[in-house]
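Visitor: I am new to protein models. Could you walk me through some side-chain pairs and a hairpin?

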Amino acid sequence: MNNINKLLGIKYPVIQGGMANIATAELASSVSNAGGLGLIGAGGNDVNWVRDQIHKIRKLTDKPFGVNIMLMSPHASDIAQMLIEENVKVVTTGAGNPVPYMEAWKKANMIVIPVIPSVKLAMRVEKAGADAIIAEGMEAGGHIGKLTTMAMIPQIADAVNIPVIAAGGIADKRGVLASFALGAKGVQIGTVLLATKECPIHENYKKLVVDATDTDTIITGPEKAPVRVIKNQMAVSYVNLIKSGASFEELENLTLGSLKKAVYEGNIENGSFMAGQISGLVKEIRTVKEVLDDMFLEVDKYKDSLHVL
Ligand code: TUI
């Protein structure tokens, strides 16, 4: 099926990013209720936390939702199994290769949409039965690959037959239309949702996103798992720690620990404020519904003019 709205049973072809510690039932239900696909982001949390969030979201919306599994997490395989038991319909994955889990998910009739950073992995997950893919460019916040959205989307759209959903650097109607022009059938958004009333993060985090300019994010994180954040004291000392040869585990723990400091405490100096390059375009705090309506209002009208492509 080549239509994201029909595949997922949603009003707008938009999926919420599975942002660790941020994409709770609260945010995800707001996105689903506004016409997109809300996601519970498992992040580094354990299976019981994720199950609890699934039970919560079912009380908050009767619309479709999904769960994002961060595959670097030690809990990933337990969560993968739990989603089948809980009859979750849609799973997205990030930060790793989901192929080992896909046979079981497809057997359970789940819709599987991996986030991938390259043509090679896109082709591998298509072969393993993915229903669509999210191609995320390095403009995105959090853990990123090496390619930009602009360069990657058309290459992946040409390489696979399943629908491609563009991610990284999309925050308004122009980003949506550009994604369609590049061959995508939908978009995933994260950064623009940080600046919403419903987003359950500290007010300092929202303010940092709203105040950020185009050049205010930098890439930190271990070399094999680079992470884009808003530049602050923490980010700079992190980059220095990498240079001094800290271990991968040490760096990964620091990333997840400092993300919590950002999300819950709004700790400006020591928090890891994951956000994408498009932060510079985000100028105010709105409701999730305002963000989605604004992004997709009359988009079909403009989309028709893309048929010449
Ligand atoms: O996963 C994300 N964004 C994230 S995850 C996260 S939590 C974290 N904390 C510490 C270290 C690392 C992560 C914060 N933000 N986005 C989706 C995404 N997936 N971006 C890149 C990838 C990816 C990278 C490599 C997907 C697959 C992949 O495969 C490599 C392989 O094994 O072939």
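This is a predicted model: local features need pLDDT of at least 70, side-chain atom pairs count only at pLDDT 80 or more; totals for chains, interfaces and linings use all residues.

Visitor: How many salt bridges does the structure hold?

Guide: Side chains of opposite charge can pair when their charged atoms come close. A salt bridge is a side-chain nitrogen of Lys or Arg within 4 Å of a carboxyl oxygen of Asp or Glu. The total for the structure is 10.

Visitor: Which parts does the pair of Arg51 and Glu86 tie together?

Guide: Arg51 and Glu86 form a salt bridge, with their closest N and O atoms 3.4 Å apart. Helices (H or I, at least four residues) and strands (E, at least two) are DSSP runs, numbered from the N terminus. Arg51 lies in helix 3 and Glu86 in a loop, so the pair ties together parts 35 residues apart in sequence. Those parts are helix 3 (residues 47-60) and the loop between helix 4 (76-85) and strand 4 (90-94).

Visitor: Is Glu86 buried or exposed?

Guide: Buried means under 20% relative accessible area, exposed over 50%, and partly exposed in between (1.4 Å probe, protein chains only). Arg51 is partly exposed at 25%. Glu86 has a relative accessible area of 16%, so this residue is buried.

Visitor: How far apart in the chain are Arg58 and Glu86?

Guide: Their side chains meet in a salt bridge, at 3.8 Å from N to O. Arg58 sits in helix 3, and Glu86 in the loop between helix 4 and strand 4; they are 28 residues apart.

Visitor: Where does Asp131 lie, the partner of Lys106?

Guide: Asp131 and Lys106 form a salt bridge, their closest N and O atoms being 2.7 Å apart. Lys106 belongs to helix 5 (residues 99-107), while Asp131 is in the loop between helix 6 (119-127) and strand 6 (133-136).

Visitor: Which residue takes a positive phi in the hairpin of strand 10 and strand 11?

Guide: Two strands pair if DSSP finds at least two bridges between them. Here 4 bridges join strand 10 (residues 217-220) to strand 11 (residues 227-230), and the two run antiparallel. Thr220 stands opposite Val227 in strand 11. The hairpin has 6 residues between the strands, and the one with a positive phi near 90° is Gly221.

Definitions and conventions
Residues are numbered from 1 along each chain as its sequence is written. Side-chain values use heavy atoms; hydrogens and water are left out.
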